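Here is a walk through one structure, part by part. Keep the sequence and the 3D view side by side as you read.

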Amino acid sequence: MSLSPSLDTEHGLSALSHDPNLAPHQEVVRERYEMFESELGRIEGDEEGGLDGFTKAWDSMGLRIVPDNTITYSEWIPSEPTSASLIGEFNKWDPLAHPLARDATKPQRWSITIPPLPSGDPAIPLGTPIKLHIVQPFSRTPLLRTPAYSTVLHPLPSPSGDPILTAYFDPRPAGGYTFKHPRPPPPRSLRIYEAHVGVCVGEPGRVGGWADFERDVLQRVEKLGYNTIQLMGVAEHPYYASYGYLVTSLFAPSSRFGPASSLASLIDAAHGLGIRVILDVVHAHACANLEEGLGGFDGPTGGEGYFRSPAQGGWHPVWGSRMYDYGKREVLRLLLTNLRYWVEVFQFDGFRFDGVNALLYQHYGLVPFSGSYDEYFSPTKSKVYLPGLTYLYLATAVLTSLPGPRLTLLAEDFSGYPTLALPLSSGGVGFTHRLLLNVPDFFFDRFSAGPPQPFHTWSLREIVSGLGNRRVGLGERGVAASETHDQCIEGGKTISEWLVAREWGEKMRLGGKDEWVGEKAVEVLKLVRIITHAYAGEGYLNFCGNEFGHPEWLTFPSEKNGHSYAHAFRRWGLASDDRLRYRYLDEFDGALNGAEEERGWLTEGFARVSRQDEDTRLLVFHRAQTNFILNLHPTASYADEPIGMPARGKYRALLCTDETRFGGQGRVDVRGGEWFTFEVAEAEEDGRERTEKENRKADRDGYECAVKVYIPAMTALVLVLAD
């Protein structure tokens, strides 16, 4: 198979025409694109099998087995070792039994071919531990390392007594699972359910698994109307409390969640429901562990190998992790192969690229960004790490040229790097979406302020500008969330927790003491969700449990908390408890997704804001022929309020946060209500001319016709044409 990325071969870079601010920097943009094209051309010309062979290194690297049970093993060892060998239970850990030989044409590649036993069985039994044994000329102590392309690892006791993740021989793709369902096509609108399998259990004290998630959570995701699941913490990582972001083995699903075949089964079951699954992939940095990870192939002090040297920025100053050297061909082979592996072997439907800033900038993105384009493109002010940028171009080039349904490619980018979410064919970096991190930060900053800022005091101008600050007008789509896992982990809180604080069980109980606190919290949460969903992005993301207002933060067992699992699970039962208000939020979340599925507002660009009145606290905006009327006043309700409408006719209610099924008071007639437009300057039915104030209010909405609505305090009403 030949991979043929769709490129801007004429170098017209139509991306430049999207954004006039790029004009002064067009030469820099063009040079960076051409740098990527040059590297792509070198791979195509230098590597056996071209780009296709280069990105399927699982056929040439690591441990493989052929039909006659012959085993081959190849490893990139960039130093000059005295010897290297494959050891394990199969040869009683004898370093002399199966030595590797240096490749004559590729001197940094070491290999061995192991014939089958006389019985015809493979020499290495399936499911037995193995290690790479390296002897360096400068050390008498041999190095024990994990093969870079390992696909299965399990903890194994070490001489110190502490378990060490150890590779096990299992060359079966996806653990031998056979997929039954095809990958679904990309959805019209992107609605993402972000989840960590380990915490998606309903009781503390244990780690959830792939099978638990398939059995207990998939149906929930389908019922709520999400069409994409984003799985975090998938690749193997020794430290559970890292949330899966300190990866040691890129190709191995974490064994703490169950066998690889169970992950494949989960993905297949999701596909059977029409739900896509994307992987939260960590290619910006890696765990610094030596024996368990990729570090230290060159010596006991952790030689560079796949990573940059300390002088080149090879250690992340905050995370303490290693930074890949994207200028090395073998690093590109490893990472690009890894992306393709997850798609073709496990049938993932795309990726969220974690920590893009860390690989994109020499300063790891640890500086504030003002939005000035000089920060991205100036030859003197920009600190872009060009090998990292070239890798991102290459990654999207490979992924967008793979056969099958188009992949979702989401970039976690704090900096707002222009062109990141524009297609390669127009000169962009090639992601389909960027994660709009300013949106959850907007809410977190206000809810977490000391003291917290009451929702009804927030400036409507700040809401409109803060949540509308994105690049969709320049052709780049973004995914918004009111809170992701970042806001909910230790040190933060869920929005529900900020609003209700302690004694959440009593405050959210119907008829309970101080139940007004829970009632107001539900009002605020519904308004936050609808503003985020309908106004703030071209995709929507929710972190598992927050759909019903999960009342507690998330923290994993660690030394700091005495290895407690008290906050490492989801209280699923709250969402179905008729005594509590959480079920109203759960019901609203599903209805909101269902309304979007009907109307498709996430496929549109910016919403048109027709009213933002700080005095009345009325916010009105329109998107995809759907009209959102929000009253953010804590006490004032408005009867016969004229609201400008973009089209004449009869309107019906699509959704109202005050419906009783969502915990509201049912003050708006949603099922039987009809709203008819009238001309702005038209006389009232009772013959009274509209007052000057009424005309000013209708004129301010910018439409020639309007409807009269009753809009209660702290309520959102969504109207659409009835026909």
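Arg 32, Tyr 33, Met 35, Phe 36, Glu 39, Leu 40 and Ile 43 of helix H2 meet Leu 386, Leu 389, Thr 390, Tyr 393, Leu 394 and Ala 397 of helix H10. To meet, or be in contact, is to have heavy atoms within 4.5 Å. Helices are DSSP runs of H or I with at least four residues, strands are runs of E with at least two, and both are numbered from the N terminus. This is a predicted model, in which local features need pLDDT of at least 70 and side-chain atom pairs count only at pLDDT 80 or more, while totals for chains, interfaces and linings use all residues. Residues are numbered from 1 along each chain as its sequence is written, and side-chain values use heavy atoms, with hydrogens and water left out.

Two packed helices are described by the angle between their axes and the distance between the axes. For H2 (residues 26-46) and H10 (residues 386-400), the axes come within 9 Å and cross at roughly 65°. Axes here are lines fitted to C-alpha atoms, for helices over the stretch in contact, with angles from 0 to 180 degrees between N-to-C directions. The crossing of H2 and H10 is right-handed. What kinds of residue make up the contact of H2 with H10? They divide into 10 nonpolar, 1 polar and 2 charged. Ala, Val, Leu, Ile, Met, Phe, Trp, Tyr, Cys and Pro count as nonpolar, Asp, Glu, Lys and Arg as charged, and the others, Gly among them, as polar.

Now turn to the nonpolar cores. A nonpolar core is a set of buried Ala, Val, Leu, Ile, Met, Phe, Trp, Tyr and Cys residues joined through side-chain atoms within 4.5 Å. Buried means under 20% relative accessible area, exposed over 50%, and partly exposed in between (1.4 Å probe, protein chains only). The largest core has 168 residues, and Leu 231, Phe 346 and Phe 353 touch the most other members. Helix H16 (residues 515-535) gives the most to this core, with 10 residues. Apart from it lies another core, of 22 residues, including Leu 100, Leu 132, Leu 165 and Phe 297. Return to Phe 353. Beyond its neighbours within four places in sequence, its contacts include Val 281, Leu 339, Tyr 391, Leu 410 and Phe 431.

Next come some loops. Asn 227 sits between helix H5 (218-224) and strand E11 (228-232). Is Asn 227 buried or exposed? It counts as buried, because its relative accessibility is 10%. A polar atom of the Asn 227 side chain lies 3.1 Å from the backbone nitrogen of Arg 191. Leaving aside neighbours within four places in sequence, Asn 227 also contacts residues including Pro 187, Gly 274 and Arg 276.

Thr 603 is in the loop between helix H17 (582-599) and strand E20 (608-613). At 42% relative accessibility, Thr 603 is partly exposed. A polar atom of its side chain lies 2.6 Å from the backbone oxygen of Gly 600. Setting aside neighbours within four places in sequence, Thr 603 contacts Arg 188, Ser 189 and Glu 596. Thr 603 and Arg 477 are 126 residues apart along the chain, yet their C-alpha atoms are separated by 9.3 Å.

His 622 belongs to strand E21 (residues 618-623). His 622 counts as buried, because its relative accessibility is 8%. Its side chain makes a polar contact with the side chain of Ser 610, at 2.8 Å. A polar contact is a pair of N or O atoms within 3.5 Å; within protein, one must be able to donate a hydrogen and the other to accept it, and residues adjacent in sequence count only if both atoms are side-chain atoms.

Finally, look at the backbone. Most residues other than glycine have a negative phi, and most peptide bonds are trans. Ala 174 has a positive phi of about 55°. Ala 174 lies in the loop between strand E9 (163-168) and strand E10 (190-196), and is buried at 2% relative accessible area. Arg 617 also has a positive phi, near 65°. Arg 617 is in the loop between E20 and E21 and counts as buried at 5%.

Technical notes. Left-handed = near helix turned anticlockwise from the far one by under 90°.
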